[in-house]
Amino acid sequence: MSENAGKGGAVPRTIREGLFLGGLSQPESLKLAGTRCSSCGETSLGSVALCPNCGSAQVEVLKLGDQGTLWTFTVARHRPPGDYRGPEPFKPFGIGLVELAEGLRVMSTLDCPLEQLRVGMPLWFTPYLRYDKDGGAVVAFTYRSIEESAS
Amino acid sequence: MTDVVILGIGIHPFGRFDTSYQAMGAQAAGHALKDAGVDWQEIQFAYLSRMYLPATSGARILKTLGCTGIPIVDIEAACASGGAALRQAVLAIRSGEADLGLVLGAEKMPRGFMDPSMIYSPWQIEMGLSLNPAYWSMRARRHMYEYGTTEEQIAQVAYKNHKNSVHNPNSMYQKEFSLEEILNSPLVCDPIRRLEICAPNDGAAALVVASAARARQLGLSGKPITIAACAHTVARYSADLRCPIDSMSARTSNPGPTEEAARQAYAAAGFGAQDIDCFEVQDTDAFCEIEALESLGVCAPGDGGQLAMEGVTGITGSQPVNMSGGLISKGEPVGASHLGQVFELVTQLRGAAGPRQVAKPTSGLAHVLGAGGNCAVTILKA
């Protein structure tokens with residue numbers, strides 16, 4: 001909590017509870033959280049109390065690796081309905097399932113030139129800060145086609 | 001086990017209307033009662049299938065026919081709501097507690113994409129992961145990658161269903177489109193195009209159901225249609241790439257919800273896909289029909305793209321599919337869609353479908369699949 005990344009000096013909020021591991025004040029260092037079940041061996045997304053496959057409470061939270069491969073994708077050609085907070089003005093963007101070595105596929109937006117999208121391409125987990133209209137900072141994530149340096 | 005039959009069917013056309021949901025629902029219910037030759041005062045229970053209507057919609061619709069004191073219950077299971085409601089009616093009759101009931105589906109929905117807060121979490125909406133067609137399209141993309149399914153094959157399904165709709169007065173769109181028009185229509189979510197997806201809309205459909213014994217007592221002239229099976233399932237872990245999932249396993253291979261519901265339905269009916277004469281299946285997007293037919297066992301996995309191309313699923317084909325025009329043409333008033341499929345199958349089994357009539361069918365299958373992996377399969381027998 002020593003560093004303040006939000007414009008108002010506050011620690012940013014996470015877009016979803018239990019999704020990240022690490023300090024929210026340093027978004028670039030965050031890892032995606034997973035939950036591994038020691039009963040059935042499944043790894044699910046985020047930090048959860050019960051395995052969504054078998055219901056077991058014998059679970060442990062782990063950091064998921066940054067690199068994945070694209071399993072399937074689409075391009076959203078229209079502005080999503082409701083309280084969408086993507087870039088303005090709206091631009092078509094990629095959505096896909098990114099397969100990770102831990103044995104799960106993560107639904108994500110894709111930060112990649114649309115004409116380059118193809119099944120099997122490598123992608124990297126990229127947390128980022130987004131500012132709401134009221135100035136509040138939010139940590140969200142995407143998968144990017146170019147690996148970022150750690151800084 | 002008690003046989004459950006359909007005595008009467010009713011519908012309010014699917015489309016966009018100024019009419020209230022109460023009036024649409026009451027019209028469909030009234031038509032079903034009249035078709036059955038049964039008075040509302042004789043009905044012992046009623047279920048309303050709906051997703052986007054407010055609480056107690058069933059009572060608000062049906063009390064306009066007379067406050068008879070019967071239990072009226074609203075049922076919701078996303079796109080499978082109609083199957084879930086029909087299944088409860090079958091179970092109520094099989095329990096012996098009742099032998100004559102009404103199942104009504106009704107919906108009234110705004111134009112455009114469905115309200116995402118109904119099924120998505122706020123973070124999914126903020127990030128733009130709340131487009132239902134995105135999920136349908138990702139399934140199509142993966143199928144193309146694994147099996148070589150083509151955009152032309154997907155468009156052919158839309159072509160067939162739009163063509164069938166021309167003969168269905170209850171369909172929202174009743175217009176044929178050329179393959180070129182379909183393939184040149186704008187992309188909604190790649191590779192799915194505007195003329196390949198269905199629209200949310202308004203409509204209602206109703207069934208009067210009874211035990212076979214009660215049907216015989218009533219001594220009605222027409223031969224009632226038997227509900228050979230009615231199964232409803234919610235997808236097993238990671239078995240379905242359906243909205244609003246945030247992830248899925250890369251390790252498990254549970255059977256999908258359509259496989260599971262079909263397995264249960266075929267076991268109950270005592271016959272399978274190859275013995276069924278006509279189908280109404282979920283075609284919220286044209287690719288969905290291809291996948292549904294594979295999952296229902298009409299063809300092998302990966303072969304679904306060829307069915308419409310080869311004419312197998314046309315009205316005059318060996319296994320006609322979506323004779324009504326499908327949801328692509330009719331639209332999807334979610335609560336009413338499955339009962340609308342059953343309305344079409346009963347019409348076909350009665351030989352009353354006019355220019356879209358399939359040659360002498362004796363059995364039919366209706367399939368719906370939607371949010372959360374909710375799936376229902378109903379099989380009818382003449």
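**Chain A, overall**

I began with the size of chain A. A compact globule of 151 residues would have a radius of gyration near 15 Å, and chain A has 16 Å, so the two agree. I note here that the model is predicted. Along the principal axes, the C-alpha atoms of chain A fill a box of roughly 45 × 40 × 35 Å.

Next I looked up the elements. I found 10 strands and zero helices in chain A. From the N terminus on, the run reads β-β-β-β-β-β-β-β-β-β.

Then I checked burial and contacts. Of the 151 residues in chain A, 36% are buried. I took the contacts in chain A with a separation of 6 or more; 47% of these join residues 24 or more positions apart.

**One residue: A:I146**

I picked A:I146, which sits in the segment after β10 (137-144) of chain A. Is A:I146 buried or exposed? I counted 10 other C-beta atoms within 10 Å. The cut-off for exposed is 12 or fewer, so A:I146 is exposed. I also looked at A:P89, 57 residues from A:I146 along the chain. Their C-alpha atoms are separated by 24 Å.

**Where chain A touches chain B**

I turned to the two chains together. Here 35 residues of chain A are in contact with 33 residues of chain B. Which strand gives the largest share of the chain A side? I found that β6(A) does, with six residues. At least two residues each come from β4 (43-45), β6 (67-76), β7 (93-100) and β8 (104-111) of chain A. By class, I listed 18 nonpolar, 10 polar and seven charged residues on the chain A side.

β8(A) and strand β9 (residues 247-249) of chain B run antiparallel, joined by three bridges. One partner pair I noted is A:V106 with B:S247 in β9(B). Strands of a sheet pair through backbone hydrogen bonds, either parallel or antiparallel.

**The sheet of chain B**

I traced an open sheet of nine strands in chain B, in the order β3-β2-β4-β7-β1-β8-β12-β11-β10, with mixed pairing. Which strands are at the edges? They are β3 (72-75) and β10 (278-280) of chain B, each pairing on one side only. From one strand to the next, the twist averages 20°.

Strand β2 (residues 45-49) of chain B pairs with β3(B) in the parallel sense, over four bridges. B:A46 has B:I72 as its bridge partner in β3(B).

I then found helix α1 (residues 21-36) of chain B lying across β1 (4-15), β4 (100-107) and β7 (202-211) of chain B. The helix runs at about 145° to β1(B).

**Core and helix packing**

The largest nonpolar core has 157 residues. Among those with the most contacts inside the core are B:A32, B:V103 and B:V208. I followed B:V208 past its sequence neighbours up to four places away. Its contacts include B:L7, B:A32, B:L33 and B:L102.

Last, I took a helix pair. Helix α3 (residues 81-94) and helix α13 (residues 334-349) of chain B pack at about 65°, with axes 6 Å apart. On the α3(B) side I found B:S81, B:G82 and B:G83. They meet residues of α13(B) including B:V334, B:H338 and B:L339. I sorted the residues of this contact into three nonpolar, six polar and no charged.

Methods: Residues are numbered from 1 along each chain as its sequence is written. Chains are lettered from A and ligands numbered from 1 in the order in which they are written. This is a predicted model: local features need pLDDT of at least 70, side-chain atom pairs count only at pLDDT 80 or more; totals for chains, interfaces and linings use all residues. The radius of gyration is taken over C-alpha atoms; the globule rule is 2.2 Å times the number of residues to the power 0.38. A residue is buried if 20 or more other C-beta atoms lie within 10 Å of its own, exposed if 12 or fewer, and partly exposed in between; C-beta atoms are placed from the backbone. Two residues are in contact if their C-beta atoms, placed from the backbone, lie within 7 Å. Ala, Val, Leu, Ile, Met, Phe, Trp, Tyr, Cys and Pro count as nonpolar, Asp, Glu, Lys and Arg as charged, and the others, Gly among them, as polar. Two strands pair if DSSP finds at least two bridges between them. Axes are lines fitted to C-alpha atoms, for helices over the stretch in contact, and angles run from 0 to 180 degrees between N-to-C directions. A nonpolar core is a set of buried Ala, Val, Leu, Ile, Met, Phe, Trp, Tyr and Cys residues joined through C-beta atoms within 7 Å.
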